[in-house]
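User: Please take me through this model, and tell me each time what a term rests on.

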Amino acid sequence: MSVALKVETFKKDSILKIKENWDSIRKAINDTVDLLNEFGFNSEKMISYVAVSPMVYYRYKGGNFDSSSKAELRKYIVIAQVRQIFGAASNSALTSIREALKAAPSNSFSMKNLNGIRFTGDRTLRYTVDEIDAMFDTYEIGAYTFMLLSLMYPNLKYSQKGFHQDHMHPYTEFEEGKIKDLVLPDGTVIDDDTKEDWRRRRNTLANFQLLEGRENESKNATPLVDWLKITENSENAKYLPSDVSYELANFEEFMEKRQKLMSKALKGILL
């Protein structure tokens, strides 16, 4: 059956087949929605609903949602959206993925079975080392940064709590009134070019963590160095370089070293 969402696709025999298997189809959809909720993805954090279709297909065909498959499915739904696999040629992408899933073991999900697919525009579901490093300067706060963070914080209870993208060094710390006379580690006062660079970089991946909504609201504008002294949530305070001051004056070094830690983690997941 064609994956195209067109009236002519729904011929009489296709409609009857859907009707006969509706209970199984509905269960596969519900199970997939529950899994996405477990991953922390809702309508506000999804870029492409089309990307969900292969997950439903996999589940409908008897695929397991065990711990191993869940980890791979989390990678799939993040990568497929961040790499924008489902664009103008979404039907072609769906068909290619369906054929790859048909050829793979039906009860377990592995990205290895999809990595050989080449999509329109010569895109793939694989990442290179350089592409992962580039993420830290490419993506600013939004759905993509949340997705990437969700890979690095897989053990949070997303289905029970709402998690926010929190600026480790608070957004307001970079306001002119707070930063205009900041003395840098080399003893010089911060210049205008550095201020503008830091204000851009405060919204990039290396300055973010995921915090439960109420904790994020409580942290609010608390400087990072002060928040780390009082927080009891070590599960959230991850990827912290141990050999750098958390004072704002050391923002440059903090970002450089935290990026290395986060990049290493992402490479372990994506490569």
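Analyst: Helices (H or I, at least four residues) and strands (E, at least two) are DSSP runs, numbered from the N terminus. The chain has twelve helices and two strands, in the order α-α-α-α-α-α-α-β-α-α-β-α-α-α along the sequence. This is a predicted model, in which local features need pLDDT of at least 70 and side-chain atom pairs count only at pLDDT 80 or more, while totals for chains, interfaces and linings use all residues. Residues are numbered from 1 along each chain as its sequence is written, and side-chain values use heavy atoms, with hydrogens and water left out.

User: What makes the contact between aspartate 23 and arginine 26 a salt bridge?

Analyst: A salt bridge needs a side-chain nitrogen of Lys or Arg within 4 Å of a carboxyl oxygen of Asp or Glu. For aspartate 23 and arginine 26 the N to O distance is 3.3 Å, so the pair meets the rule. By this rule there are 24 salt bridges. Side chains of opposite charge can pair when their charged atoms come close.

User: Where do aspartate 23 and arginine 26 sit in helix 2 relative to each other?

Analyst: Helix 2 covers residues 22-39, and the two residues are three apart in it, which means about one helical turn between them.

User: Why is aspartate 23 called exposed, and what is arginine 26 called?

Analyst: Buried means under 20% relative accessible area, exposed over 50%, and partly exposed in between (1.4 Å probe, protein chains only). Aspartate 23 has 55%, so it is exposed. Arginine 26 has 41%, so it is partly exposed.

User: How do you know that arginine 59 and aspartate 31 form a salt bridge?

Analyst: Their closest N and O atoms are 3.1 Å apart, so the distance falls within the limit for a salt bridge. This pair links distant parts of the chain, with arginine 59 in helix 3 (residues 53-60) and aspartate 31 in helix 2, 28 residues apart. Arginine 59 has 22% relative accessibility and is therefore partly exposed, whereas aspartate 31 has 17% and is therefore buried.

User: Why is strand 2 said to be largely enclosed?

Analyst: Strand 2 (residues 208-212) has five of its five residues buried, so the rest of the structure largely encloses it. Phe208, Leu210 and Glu212 are buried on one side, and Gln209 and Leu211 on the other. Strand 1 is also largely enclosed, because four of its five residues are buried.

User: What makes Trp22, Ile29 and Val33 a nonpolar patch?

Analyst: Patches are made of residues with over 30% relative accessible area and no salt bridge, like charges being joined within 9 Å and nonpolar side chains (Val, Leu, Ile, Met, Phe, Trp, Tyr) within 5 Å. Trp22, Ile29 and Val33 form such a patch, with about 260 Å² of accessible area together (Shrake-Rupley method, 1.4 Å probe; for residues, only the protein chains shown count as cover). Valine 33 belongs to helix 2.

User: Which residues touch the most other members of the largest nonpolar core?

Analyst: A nonpolar core is a set of buried Ala, Val, Leu, Ile, Met, Phe, Trp, Tyr and Cys residues joined through side-chain atoms within 4.5 Å. The largest one has 75 residues, and Tyr76, Ile77 and Leu114 touch the most other members. Contact means heavy atoms within 4.5 Å. Beyond its neighbours within four places in sequence, isoleucine 77 is in contact with Leu36, Phe39, Phe41, Met46, Ala51, Val52 and Met55.

User: Which residues of helix 3 are buried, and what covers them?

Analyst: They are Pro54, Met55, Val56 and Tyr58. Their cover includes helix 2, helix 4 (67-82) and helix 5.

User: How much of the chain counts as buried?

Analyst: Of the 271 residues, 45% count as buried.
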